[in-house]
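Keep the structure open beside you as you go.

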Amino acid sequence: LLVSKDLGKHLLEVEDLLQKHGLLEADISAQTERVQALNAAALKFSELEGYQPCDPQIICNRVNHVQTCLEELGELAGKRRKELEDSRQLWAFFQEMEEAEAWIREKEQILAAKTCGRDLSSVLMLTNKHKSMLGELGSRRALLHQTMKRGEQILAKKRFSPGGIQEKMREVRLRWKKLEEVTGLHQQRLQEALNFFQFSAETDDLVAWLQDTYRIVSSDDFGHDDYSTQALLRKHRAVVEEVEKHRAAVLALRKQLALLAPEHRQGVDVQIRVVEVEQLYGEVAEVAVLRQQWLQDALAVYRMFSEVHACEVWVDEKEQWLERMEVPEELDEVEVVQHRFESLDQEMNSVMGRILDVNQVVQQLVDGGHPSSEEVRSCQDHLNSRWNRVVELVERKKDQLSSVLKIQNYLLEC
(Lines give C-alpha, C1' and ligand atoms only; values in the text may rest on other atoms or scores of the structure.)
Protein backbone atom coordinates (compact mmCIF):
# COMPACT_ATOMS: atom_id res chain seq x y z
CA LEU A 1 0.00 0.00 0.00
CA LEU A 2 2.80 2.43 0.86
CA VAL A 3 4.85 1.77 -2.27
CA SER A 4 1.82 2.21 -4.56
CA LYS A 5 2.34 4.62 -7.45
CA ASP A 6 -1.33 5.52 -7.57
CA LEU A 7 -1.42 9.22 -6.70
CA GLY A 8 -4.88 9.93 -8.10
CA LYS A 9 -6.07 11.30 -11.41
CA HIS A 10 -8.15 14.18 -10.05
CA LEU A 11 -8.62 16.10 -6.83
CA LEU A 12 -11.43 14.00 -5.40
CA GLU A 13 -9.49 10.78 -5.97
CA VAL A 14 -6.42 12.25 -4.27
CA GLU A 15 -8.56 13.36 -1.31
CA ASP A 16 -9.91 9.80 -1.08
CA LEU A 17 -6.38 8.34 -1.17
CA LEU A 18 -5.28 10.80 1.55
CA GLN A 19 -8.17 9.69 3.75
CA LYS A 20 -7.20 6.05 3.25
CA HIS A 21 -3.58 6.91 3.89
CA GLY A 22 -4.62 8.63 7.11
CA LEU A 23 -6.30 5.41 8.24
CA LEU A 24 -3.16 3.48 7.34
CA GLU A 25 -1.00 5.93 9.33
CA ALA A 26 -3.33 5.51 12.29
CA ASP A 27 -2.96 1.72 11.98
CA ILE A 28 0.84 2.07 11.82
CA SER A 29 0.76 4.29 14.89
CA ALA A 30 -1.29 1.68 16.76
CA GLN A 31 1.02 -1.10 15.65
CA THR A 32 4.03 1.00 16.69
CA GLU A 33 2.86 0.98 20.28
CA ARG A 34 2.30 -2.77 20.12
CA VAL A 35 5.70 -3.42 18.54
CA GLN A 36 7.46 -1.27 21.10
CA ALA A 37 5.71 -3.16 23.88
CA LEU A 38 6.66 -6.53 22.37
CA ASN A 39 10.25 -5.44 21.83
CA ALA A 40 10.51 -4.30 25.42
CA ALA A 41 9.14 -7.64 26.60
CA ALA A 42 11.50 -9.55 24.31
CA LEU A 43 14.56 -7.65 25.48
CA LYS A 44 13.86 -8.80 29.03
CA PHE A 45 14.60 -12.36 27.94
CA SER A 46 18.00 -11.20 26.71
CA GLU A 47 18.81 -9.89 30.16
CA LEU A 48 18.01 -13.07 32.19
CA GLU A 49 20.74 -14.61 34.29
CA GLY A 50 21.07 -18.27 34.55
CA TYR A 51 18.67 -20.15 32.44
CA GLN A 52 18.10 -18.48 29.06
CA PRO A 53 15.44 -19.99 26.81
CA CYS A 54 16.97 -18.27 23.75
CA ASP A 55 20.26 -16.80 22.75
CA PRO A 56 20.18 -13.09 23.76
CA GLN A 57 21.86 -12.13 20.50
CA ILE A 58 19.08 -13.71 18.51
CA ILE A 59 16.55 -11.78 20.57
CA CYS A 60 18.43 -8.50 20.04
CA ASN A 61 18.75 -9.14 16.32
CA ARG A 62 15.06 -9.91 16.04
CA VAL A 63 14.11 -6.79 18.03
CA ASN A 64 16.42 -4.62 15.88
CA HIS A 65 15.01 -6.12 12.72
CA VAL A 66 11.41 -5.46 13.76
CA GLN A 67 12.33 -1.92 14.84
CA THR A 68 14.07 -1.26 11.51
CA CYS A 69 11.10 -2.59 9.58
CA LEU A 70 8.80 -0.32 11.61
CA GLU A 71 11.00 2.70 10.95
CA GLU A 72 11.12 1.90 7.24
CA LEU A 73 7.35 1.60 7.29
CA GLY A 74 7.12 5.04 8.91
CA GLU A 75 9.48 6.51 6.33
CA LEU A 76 7.45 5.01 3.52
CA ALA A 77 4.27 6.39 5.08
CA GLY A 78 5.79 9.87 5.35
CA LYS A 79 7.09 9.68 1.79
CA ARG A 80 3.70 8.61 0.42
CA ARG A 81 1.92 11.34 2.39
CA LYS A 82 4.29 13.90 0.88
CA GLU A 83 3.65 12.50 -2.60
CA LEU A 84 -0.11 12.50 -2.05
CA GLU A 85 -0.03 16.08 -0.72
CA ASP A 86 2.03 17.13 -3.72
CA SER A 87 -0.49 15.37 -5.96
CA ARG A 88 -3.33 17.13 -4.17
CA GLN A 89 -1.58 20.46 -4.70
CA LEU A 90 -1.16 19.64 -8.39
CA TRP A 91 -4.80 18.62 -8.95
CA ALA A 92 -6.01 21.55 -6.86
CA PHE A 93 -3.97 23.75 -9.18
CA PHE A 94 -5.56 22.18 -12.26
CA GLN A 95 -9.03 22.47 -10.76
CA GLU A 96 -8.51 26.14 -9.94
CA MET A 97 -7.23 26.71 -13.46
CA GLU A 98 -10.30 24.96 -14.89
CA GLU A 99 -12.55 27.09 -12.68
CA ALA A 100 -10.72 30.19 -13.91
CA GLU A 101 -11.19 29.06 -17.53
CA ALA A 102 -14.89 28.43 -16.92
CA TRP A 103 -15.25 31.89 -15.36
CA ILE A 104 -13.43 33.43 -18.30
CA ARG A 105 -15.68 31.60 -20.79
CA GLU A 106 -18.76 32.79 -18.91
CA LYS A 107 -17.61 36.42 -18.99
CA GLU A 108 -16.63 36.11 -22.67
CA GLN A 109 -20.16 34.95 -23.50
CA ILE A 110 -21.69 37.77 -21.45
CA LEU A 111 -19.49 40.36 -23.15
CA ALA A 112 -20.23 38.91 -26.59
CA ALA A 113 -23.98 39.19 -25.96
CA LYS A 114 -23.89 42.68 -24.43
CA THR A 115 -25.10 45.72 -26.31
CA CYS A 116 -24.25 49.34 -25.55
CA GLY A 117 -27.80 50.47 -24.89
CA ARG A 118 -30.37 52.41 -26.88
CA ASP A 119 -30.68 55.52 -24.72
CA LEU A 120 -28.99 57.32 -21.85
CA SER A 121 -30.73 55.42 -19.03
CA SER A 122 -29.92 51.99 -20.50
CA VAL A 123 -26.29 52.99 -21.10
CA LEU A 124 -25.98 54.20 -17.49
CA MET A 125 -27.46 50.90 -16.26
CA LEU A 126 -25.05 48.87 -18.42
CA THR A 127 -22.15 51.05 -17.26
CA ASN A 128 -22.98 50.33 -13.62
CA LYS A 129 -23.16 46.60 -14.39
CA HIS A 130 -19.82 46.80 -16.17
CA LYS A 131 -18.28 48.50 -13.14
CA SER A 132 -19.47 45.57 -11.02
CA MET A 133 -17.91 43.19 -13.52
CA LEU A 134 -14.63 45.12 -13.31
CA GLY A 135 -14.73 44.57 -9.55
CA GLU A 136 -15.22 40.84 -10.12
CA LEU A 137 -12.38 40.91 -12.64
CA GLY A 138 -10.06 42.47 -10.06
CA SER A 139 -10.93 39.86 -7.43
CA ARG A 140 -10.54 37.02 -9.93
CA ARG A 141 -7.22 38.49 -11.10
CA ALA A 142 -5.87 38.30 -7.55
CA LEU A 143 -7.02 34.66 -7.19
CA LEU A 144 -5.53 33.74 -10.55
CA HIS A 145 -2.24 35.35 -9.54
CA GLN A 146 -2.14 33.18 -6.43
CA THR A 147 -2.94 30.06 -8.48
CA MET A 148 -0.18 30.88 -10.97
CA LYS A 149 2.20 31.36 -8.07
CA ARG A 150 1.34 27.88 -6.77
CA GLY A 151 1.90 26.52 -10.27
CA GLU A 152 5.38 28.05 -10.27
CA GLN A 153 6.03 26.44 -6.89
CA ILE A 154 4.95 23.05 -8.23
CA LEU A 155 7.29 23.46 -11.18
CA ALA A 156 10.12 24.41 -8.82
CA LYS A 157 9.74 21.10 -6.93
CA LYS A 158 10.22 19.17 -10.20
CA ARG A 159 8.07 16.28 -8.95
CA PHE A 160 5.78 16.28 -11.96
CA SER A 161 6.19 16.69 -15.69
CA PRO A 162 6.25 20.44 -16.36
CA GLY A 163 4.63 20.16 -19.81
CA GLY A 164 1.00 19.99 -18.71
CA ILE A 165 1.43 22.66 -16.03
CA GLN A 166 3.22 25.11 -18.31
CA GLU A 167 0.75 24.53 -21.14
CA LYS A 168 -2.22 25.11 -18.86
CA MET A 169 -0.68 28.28 -17.42
CA ARG A 170 0.08 29.56 -20.92
CA GLU A 171 -3.48 28.87 -22.14
CA VAL A 172 -5.09 30.57 -19.15
CA ARG A 173 -2.76 33.56 -19.43
CA LEU A 174 -3.68 34.00 -23.10
CA ARG A 175 -7.40 33.68 -22.41
CA TRP A 176 -7.16 36.07 -19.49
CA LYS A 177 -5.31 38.61 -21.62
CA LYS A 178 -7.96 38.30 -24.32
CA LEU A 179 -10.72 38.73 -21.71
CA GLU A 180 -9.12 41.92 -20.41
CA GLU A 181 -8.82 43.21 -23.98
CA VAL A 182 -12.47 42.45 -24.68
CA THR A 183 -13.47 44.01 -21.35
CA GLY A 184 -11.49 47.14 -22.12
CA LEU A 185 -12.98 47.33 -25.61
CA HIS A 186 -16.50 46.97 -24.23
CA GLN A 187 -15.80 49.63 -21.63
CA GLN A 188 -14.58 51.93 -24.40
CA ARG A 189 -17.72 51.25 -26.43
CA LEU A 190 -19.89 51.95 -23.39
CA GLN A 191 -18.06 55.23 -22.80
CA GLU A 192 -18.47 56.19 -26.44
CA ALA A 193 -22.19 55.37 -26.27
CA LEU A 194 -22.48 57.31 -23.00
CA ASN A 195 -20.78 60.33 -24.57
CA PHE A 196 -23.11 60.14 -27.57
CA PHE A 197 -26.34 59.83 -25.58
CA GLN A 198 -25.23 62.55 -23.16
CA PHE A 199 -24.50 64.75 -26.18
CA SER A 200 -27.93 63.92 -27.60
CA ALA A 201 -29.64 64.61 -24.26
CA GLU A 202 -27.85 67.93 -23.82
CA THR A 203 -28.73 68.83 -27.41
CA ASP A 204 -32.39 67.96 -26.82
CA ASP A 205 -32.42 70.07 -23.65
CA LEU A 206 -30.86 72.95 -25.58
CA VAL A 207 -33.43 72.61 -28.35
CA ALA A 208 -36.29 72.56 -25.83
CA TRP A 209 -34.91 75.68 -24.14
CA LEU A 210 -34.49 77.46 -27.48
CA GLN A 211 -38.04 76.58 -28.53
CA ASP A 212 -39.45 77.89 -25.25
CA THR A 213 -37.32 81.02 -25.55
CA TYR A 214 -38.43 81.52 -29.15
CA ARG A 215 -42.07 81.51 -28.01
CA ILE A 216 -41.18 84.14 -25.41
CA VAL A 217 -39.19 86.46 -27.68
CA SER A 218 -41.74 86.19 -30.49
CA SER A 219 -44.60 87.33 -28.24
CA ASP A 220 -46.77 90.16 -29.58
CA ASP A 221 -47.39 91.54 -26.08
CA PHE A 222 -45.69 94.93 -25.91
CA GLY A 223 -47.60 96.26 -22.92
CA HIS A 224 -50.49 98.69 -22.72
CA ASP A 225 -48.78 101.60 -20.98
CA ASP A 226 -45.44 102.97 -19.87
CA TYR A 227 -45.27 100.85 -16.68
CA SER A 228 -46.23 97.50 -18.23
CA THR A 229 -43.88 98.02 -21.19
CA GLN A 230 -40.97 98.82 -18.87
CA ALA A 231 -41.69 95.60 -16.94
CA LEU A 232 -41.71 93.58 -20.18
CA LEU A 233 -38.49 95.25 -21.28
CA ARG A 234 -36.75 94.32 -18.01
CA LYS A 235 -37.88 90.70 -18.39
CA HIS A 236 -36.78 90.66 -22.02
CA ARG A 237 -33.33 91.95 -21.13
CA ALA A 238 -32.97 89.04 -18.68
CA VAL A 239 -33.99 86.66 -21.51
CA VAL A 240 -31.44 88.26 -23.83
CA GLU A 241 -28.74 87.70 -21.20
CA GLU A 242 -29.71 84.01 -21.00
CA VAL A 243 -29.62 83.76 -24.80
CA GLU A 244 -26.13 85.22 -24.79
CA LYS A 245 -25.03 82.79 -22.06
CA HIS A 246 -26.22 79.86 -24.20
CA ARG A 247 -24.16 81.06 -27.16
CA ALA A 248 -21.07 79.23 -25.84
CA ALA A 249 -23.05 75.98 -25.51
CA VAL A 250 -24.25 76.25 -29.10
CA LEU A 251 -20.78 77.06 -30.41
CA ALA A 252 -19.34 74.11 -28.45
CA LEU A 253 -21.66 71.60 -30.16
CA ARG A 254 -19.34 71.04 -33.12
CA LYS A 255 -16.33 70.55 -30.83
CA GLN A 256 -18.30 68.01 -28.79
CA LEU A 257 -19.43 66.32 -31.99
CA ALA A 258 -15.82 66.02 -33.16
CA LEU A 259 -14.92 64.21 -29.91
CA LEU A 260 -17.55 61.50 -30.46
CA ALA A 261 -16.66 58.11 -31.91
CA PRO A 262 -16.67 57.99 -35.74
CA GLU A 263 -19.73 55.75 -35.85
CA HIS A 264 -21.66 58.39 -33.87
CA ARG A 265 -20.32 61.67 -35.22
CA GLN A 266 -20.56 60.60 -38.87
CA GLY A 267 -24.30 59.94 -38.63
CA VAL A 268 -26.39 62.16 -40.88
CA ASP A 269 -29.09 62.67 -38.23
CA VAL A 270 -26.72 64.00 -35.58
CA GLN A 271 -25.05 66.37 -38.03
CA ILE A 272 -28.43 67.67 -39.17
CA ARG A 273 -29.40 68.06 -35.51
CA VAL A 274 -26.40 70.30 -34.83
CA VAL A 275 -27.20 72.47 -37.87
CA GLU A 276 -30.82 72.78 -36.73
CA VAL A 277 -29.72 73.90 -33.25
CA GLU A 278 -27.39 76.51 -34.73
CA GLN A 279 -30.11 77.82 -37.04
CA LEU A 280 -32.67 77.87 -34.23
CA TYR A 281 -30.29 79.77 -31.99
CA GLY A 282 -29.67 82.29 -34.77
CA GLU A 283 -33.42 82.80 -35.17
CA VAL A 284 -33.91 83.22 -31.41
CA ALA A 285 -31.08 85.74 -31.17
CA GLU A 286 -32.40 87.67 -34.18
CA VAL A 287 -36.00 87.76 -32.94
CA ALA A 288 -34.77 88.72 -29.46
CA VAL A 289 -33.02 91.76 -30.93
CA LEU A 290 -36.15 92.70 -32.88
CA ARG A 291 -38.40 92.31 -29.83
CA GLN A 292 -36.08 94.46 -27.75
CA GLN A 293 -36.26 97.16 -30.42
CA TRP A 294 -40.05 96.82 -30.62
CA LEU A 295 -40.37 97.08 -26.85
CA GLN A 296 -38.14 100.14 -26.84
CA ASP A 297 -40.26 101.65 -29.64
CA ALA A 298 -43.44 100.81 -27.72
CA LEU A 299 -41.98 102.42 -24.63
CA ALA A 300 -41.06 105.47 -26.69
CA VAL A 301 -44.62 105.60 -28.04
CA TYR A 302 -46.20 105.38 -24.60
CA ARG A 303 -43.82 108.00 -23.24
CA MET A 304 -44.55 110.16 -26.26
CA PHE A 305 -48.29 109.78 -25.66
CA SER A 306 -47.75 110.70 -22.04
CA GLU A 307 -45.72 113.75 -23.04
CA VAL A 308 -48.32 114.71 -25.64
CA HIS A 309 -51.04 114.40 -23.04
CA ALA A 310 -49.11 116.65 -20.63
CA CYS A 311 -48.51 119.22 -23.37
CA GLU A 312 -52.16 119.14 -24.46
CA VAL A 313 -53.32 119.67 -20.87
CA TRP A 314 -51.13 122.78 -20.77
CA VAL A 315 -52.37 123.85 -24.21
CA ASP A 316 -56.02 123.38 -23.14
CA GLU A 317 -55.48 125.43 -20.03
CA LYS A 318 -53.72 128.28 -21.85
CA GLU A 319 -56.10 128.15 -24.76
CA GLN A 320 -59.12 128.53 -22.48
CA TRP A 321 -57.40 131.36 -20.60
CA LEU A 322 -56.50 133.20 -23.79
CA GLU A 323 -60.01 132.85 -25.22
CA ARG A 324 -61.61 134.13 -22.02
CA MET A 325 -59.13 136.93 -21.52
CA GLU A 326 -60.31 140.44 -22.36
CA VAL A 327 -57.66 143.04 -23.14
CA PRO A 328 -58.05 145.82 -20.54
CA GLU A 329 -58.17 149.50 -21.43
CA GLU A 330 -56.57 150.87 -18.31
CA LEU A 331 -52.80 151.22 -18.36
CA ASP A 332 -52.23 149.63 -14.97
CA GLU A 333 -54.23 146.58 -15.90
CA VAL A 334 -52.47 146.34 -19.26
CA GLU A 335 -49.10 146.25 -17.55
CA VAL A 336 -50.30 143.44 -15.26
CA VAL A 337 -51.45 141.43 -18.27
CA GLN A 338 -48.20 142.18 -20.03
CA HIS A 339 -46.25 140.70 -17.07
CA ARG A 340 -48.41 137.60 -17.26
CA PHE A 341 -47.55 137.26 -20.94
CA GLU A 342 -43.85 137.50 -20.09
CA SER A 343 -44.28 134.51 -17.73
CA LEU A 344 -46.31 132.78 -20.45
CA ASP A 345 -43.42 133.24 -22.87
CA GLN A 346 -41.12 131.39 -20.50
CA GLU A 347 -43.63 128.56 -20.13
CA MET A 348 -44.09 128.38 -23.89
CA ASN A 349 -40.34 128.11 -24.43
CA SER A 350 -40.26 125.17 -22.05
CA VAL A 351 -43.28 123.48 -23.64
CA MET A 352 -41.89 124.14 -27.11
CA GLY A 353 -38.77 122.18 -26.14
CA ARG A 354 -40.95 119.27 -25.04
CA ILE A 355 -42.96 119.41 -28.26
CA LEU A 356 -39.75 119.45 -30.31
CA ASP A 357 -38.65 116.32 -28.42
CA VAL A 358 -41.99 114.70 -29.23
CA ASN A 359 -41.56 115.56 -32.91
CA GLN A 360 -38.06 114.07 -32.90
CA VAL A 361 -39.31 110.83 -31.31
CA VAL A 362 -42.14 110.62 -33.79
CA GLN A 363 -39.76 111.08 -36.70
CA GLN A 364 -37.53 108.28 -35.38
CA LEU A 365 -40.51 105.94 -35.00
CA VAL A 366 -41.79 106.75 -38.51
CA ASP A 367 -38.33 106.35 -40.05
CA GLY A 368 -37.95 103.01 -38.21
CA GLY A 369 -41.17 101.71 -39.72
CA HIS A 370 -43.03 101.45 -36.42
CA PRO A 371 -46.39 99.66 -36.85
CA SER A 372 -48.16 102.55 -35.09
CA SER A 373 -46.61 105.19 -37.34
CA GLU A 374 -49.95 106.53 -38.60
CA GLU A 375 -51.39 106.85 -35.10
CA VAL A 376 -48.19 108.48 -33.86
CA ARG A 377 -48.14 110.89 -36.82
CA SER A 378 -51.78 111.77 -36.25
CA CYS A 379 -51.09 112.47 -32.59
CA GLN A 380 -48.13 114.63 -33.58
CA ASP A 381 -50.17 116.60 -36.11
CA HIS A 382 -52.94 117.16 -33.59
CA LEU A 383 -50.50 118.42 -30.95
CA ASN A 384 -48.70 120.68 -33.43
CA SER A 385 -51.98 122.16 -34.66
CA ARG A 386 -53.08 122.80 -31.08
CA TRP A 387 -49.73 124.40 -30.37
CA ASN A 388 -49.93 126.59 -33.46
CA ARG A 389 -53.42 127.73 -32.42
CA VAL A 390 -52.12 128.71 -28.99
CA VAL A 391 -49.22 130.55 -30.61
CA GLU A 392 -51.64 132.41 -32.86
CA LEU A 393 -53.85 133.30 -29.90
CA VAL A 394 -50.86 134.56 -27.97
CA GLU A 395 -49.70 136.65 -30.90
CA ARG A 396 -53.16 138.08 -31.41
CA LYS A 397 -53.51 138.96 -27.75
CA LYS A 398 -50.05 140.50 -27.77
CA ASP A 399 -50.99 142.61 -30.77
CA GLN A 400 -54.12 143.78 -28.98
CA LEU A 401 -52.07 144.65 -25.91
CA SER A 402 -49.57 146.47 -28.06
CA SER A 403 -52.32 148.54 -29.65
CA VAL A 404 -53.80 149.42 -26.27
CA LEU A 405 -50.38 150.43 -25.01
CA LYS A 406 -49.80 152.67 -28.01
CA ILE A 407 -53.16 154.40 -27.45
CA GLN A 408 -52.48 154.81 -23.75
CA ASN A 409 -49.02 156.23 -24.41
CA TYR A 410 -50.43 158.65 -27.01
CA LEU A 411 -53.06 159.84 -24.56
CA LEU A 412 -50.44 160.33 -21.92
CA GLU A 413 -48.32 162.40 -24.28
CA CYS A 414 -51.31 164.54 -25.21
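## Salt bridges, step by step

Arg 254 is partly exposed, at 44% relative accessibility. Please keep in mind that the model is predicted.

**Exercise 1.** Find the salt-bridge partner of Arg 254 and say where the two residues sit.

*Solution.* Start at the side chain of Arg 254, which meets that of Glu 278 in a salt bridge, 2.9 Å from N to O. Next, locate the helices: Arg 254 is in helix H7 (residues 253-259), while Glu 278 is in helix H9 (residues 268-324). The pair links distant parts of the chain, 24 residues apart.

**Exercise 2.** Is Arg 386 buried or exposed, and which residue does Arg 386 pair with in a salt bridge?

*Solution.* First compare its relative accessible area, 15%, with the cut-off for buried, under 20%: Arg 386 is buried. Then look for the partner: Asp 316 forms the salt bridge, with the closest N and O atoms 1.8 Å apart. Arg 386 lies in helix H11 (residues 373-413) and Asp 316 in helix H9, so the bridge ties together parts 70 residues apart in sequence. Shared partners then join Asp 316, Glu 319, Glu 323, Arg 386 and Arg 389 into one network of salt bridges.

**Exercise 3.** Work out how Asp 212 and Arg 215 are placed in their helix.

*Solution.* Both belong to helix H4 (residues 162-217), and because they are three residues apart, about one helical turn separates them. For accessibility, Asp 212 is partly exposed at 38%, whereas Arg 215 is exposed at 52%.

Technical notes: Residues are numbered from 1 along each chain as its sequence is written. This is a predicted model: local features need pLDDT of at least 70, side-chain atom pairs count only at pLDDT 80 or more; totals for chains, interfaces and linings use all residues. Side-chain values use heavy atoms; hydrogens and water are left out. Helices (H or I, at least four residues) and strands (E, at least two) are DSSP runs, numbered from the N terminus. Buried means under 20% relative accessible area, exposed over 50%, partly exposed in between (1.4 Å probe, protein chains only). A salt bridge is a side-chain nitrogen of Lys or Arg within 4 Å of a carboxyl oxygen of Asp or Glu.
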